[in-house]
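Please take a moment to look over the sequence and the model shown below. The paragraphs that follow walk through the two chains and the place where they meet.

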Amino acid sequence: MKKWTTIVLMMMCLFTGFSFITDEWKWEKPKAFPPPVYNFKNNEPTKAGFELGRKLFYDPILSADNSTSCGTCHQQFAAFAHIDHALSHGIGGRIGTRNVPSLQNLIWNKSFMWDGGVNHLEVQPLAPITNENEMGSKLPDVISRIKSDENYKKYFLAAFSDSIITTAGIMKAMAQFTGMMISANSRYDAYIAGKEKFTEAEKNGLKIFTAKCGSCHPAPLFTDNDFHNNGIAFDSALNDYGRKHITQLEADNHKFKVPSLRNVAVTFPYMHDGRFNRLKEVMDHYSNLNNLSADAALLKTASMNDKEKKDIIAFLLTLTDVQFLNDKRFSDPNQP
Amino acid sequence: MTRSFIIYLLLIFSLHVSAQNFNLLFRHYAGDSGLSKQTTYYNYYNQPFSVSKFKYYISNISLTSSDGSSIFFEYSYLIDNDDEESQQIILPVGKVQNFSSVEFIIGVDSLHNCSGIQSGALDPLNGMFWTWSSGYIFLKMEGKSALSTLPKNMIEYHIGGYASPNTAIRKIKIALNKTNSAILKVDVSKLLSAVNKIDFRLIPSITGHENATIMADNFSSMFIL
């Protein structure tokens, strides 16, 4: 009898893909998505690595005064953007110069930040951690604080078979966590798969959107991951030249990275400085564009009528991925 | 008799073992004087300055023999004026000896600037990685000059950038005398004046991509055998 129990258990392990034996984190690339840019090379995702990343993401220990975690500004219900906040908030009431971007489908990004200044998912957290207007920390202090927290030793041991806290360990764990934030299950995705019906307004909106907005916001990622000048007026108080800060090229002046429009209903306010609160304002901007330096693709958006704007908005609302916004795997482990 | 024989054997053995490595040493100078934090030096324009920090990356060292064959080391090393141990690079070369030239880049190559989080010399903990524009600071030189209008008269040069048209990566080739060691003089005065002459009143700092090539163009001339 015992012999059979063992055999049955072994068979179960085989059929469930060894998940009882190994700690492998299985994930599937959404069919319609292209191959990811970041492939977890030298950073094989495991449940332990993911959970360490998640613990770090929601831990204010990364901030100089232990007040601010990544999760403070990157809120899951807002697709990890910061709902209703135009500019980023930091320690000590400090305010930054840019809007908190959503965190979704990051492994398809070629660069990060509104100016594309960060070139790899694994080094992204270093920017907000050390920025004095955000978490205001010095990297050696972060490592010290984490080393002093007894709980982290067992998380690191589980994730990397080594309880020693290293920069690489912290960053890789966070990449395992944030890299898994994949949003591909909206009503739009279901519609494309033939499993969901669209209203006439949503269908019309999709059609107009594809024609007028699709060059910078193409499906399935709804961003071309490139930098464009969308014609919004320069704000001399913020003095933000966008991509030019990074490349020093005049041609990159006033260009910012195109954000993905997935979950756009919950990532307001909009634009790199959060100047537009509602999608209607965004539509009005694009249809009244009168800026010669704006990207040529925007000639297509000029003069949209009210019905077209309404239908585009109806379509944009179908990009909300309720499953992603509520996925418990990405929620704050410190909250019940 | 046996004792001297054993000592003789040990000597031969140790010589054989040391012949397994190529030793590359970096000695820091300002002009003809050894670099010291307490000394005031003078630049091309006779402006006084002192140096409190001087560190830089050396990467992708290649040792070539007289027959044309070479050994390549795809590593980055951080040479730090404050860390004597870092000023010597020991390269395992097996039985090969008598190299005729050494080549390396000053900085970190593009690939490693884009490879995500790395450890050892390339760990951001070394303070040589820009978080706002991913990439390594290839060379850091900090100090003071009475001619600098920056706070506390500081002069601060953080030179990096791997993307064209402003890449600060520079390559250098140095001829050797068929040897298995080389001591390179690294002259901070050349860093400030070899090709482009730095005037502390005009350029007391370079901390981003702008103007980085002004100083990077002086890199190769810094290293003299």
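Predicted model: local features only at pLDDT ≥ 70, side-chain atom pairs only at ≥ 80, totals over all residues.

The extent of the meeting between the chains can be described in residues and in area. In residues, 21 of chain A are in contact with 19 of chain B. In area, chain A and chain B bury about 1,600 Å² between them, and 61% of this lies on carbon and sulfur atoms. Three residues stand out on the side of chain A, for Asn119(A), Val123(A) and Gln248(A) supply 30% of the area that chain A buries against chain B, which is more than any other three residues.

Turning to chain A as a whole, the reader will find that its secondary structure comes to 13 helices and two strands. The radius of gyration of chain A is 22 Å, close to the 20 Å that the globule rule gives for 336 residues, and chain A is therefore as compact as a globular protein of that length. Along its principal axes, the C-alpha trace of chain A spans about 75 × 50 × 35 Å. Of the 336 residues of chain A, 52% count as buried, and among the contacts in chain A between residues at least 6 apart in sequence, 68% join residues at least 24 apart.

Several loops of chain A hold backbone features that deserve a careful look. As background, most residues other than glycine have a negative phi, and most peptide bonds are trans. The peptide bond from Ala219(A) to Pro220(A) is cis, with omega near 0°, and Pro220(A) is found in the loop between helix H9 (200-213) and strand E1 (227-228) of chain A. A cis peptide bond also joins Phe268(A) and Pro269(A), where omega is about 0°, and Pro269(A) has its place in the loop between strand E2 (256-257) and helix H11 (279-287) of chain A.

The loop between E2 and H11 of chain A also holds Met271(A), a residue that has a positive phi of about 90° although it is not a glycine. A positive phi is found in Ser161(A) too, near 55°, again in a residue other than glycine, and Ser161(A) has its place in the loop between helix H6 (150-160) and H7 of chain A. Are these two residues buried or exposed? Met271(A) is buried, because its relative accessible area of 14% is under 20%, whereas Ser161(A) is exposed, because its relative accessible area of 66% is over 50%.

Another loop residue of chain A is Thr318(A), found between helix H12 (306-317) and helix H13 (322-326). At 1% relative accessibility, Thr318(A) counts as buried. Which residues does Thr318(A) touch, not counting residues up to four places away in sequence? They are Ser186(A), Arg187(A), Tyr188(A), Phe198(A) and Glu202(A).

Chain B, for its part, has four helices and 14 strands, and its C-alpha trace spans about 70 × 40 × 30 Å along its principal axes. Of the 225 residues of chain B, 48% count as buried, and among the contacts in chain B between residues at least 6 apart in sequence, 71% join residues at least 24 apart.

Ile155(B) is found in strand E10 (residues 154-160) of chain B, and at 1% relative accessibility Ile155(B) counts as buried. Leaving aside its neighbours within four places in sequence, Ile155(B) is in contact with a set of residues including Phe49(B), Met141(B), Lys144(B), Phe200(B) and Pro204(B). The C-alpha atoms of Ile155(B) and Ile206(B) are separated by 8.7 Å, while the two residues are 51 residues apart along the chain.

Technical notes. Residues numbered from 1 in each chain as written. Chains lettered and ligands numbered in written order. Heavy atoms only, no water. Contact = heavy atoms within 4.5 Å. Buried area = accessible area lost by both parts, 1.4 Å probe. Buried < 20%, exposed > 50% of the residue type's maximum accessible area, 1.4 Å probe, protein only. Rg over C-alpha atoms; globule rule 2.2 N^0.38 Å.
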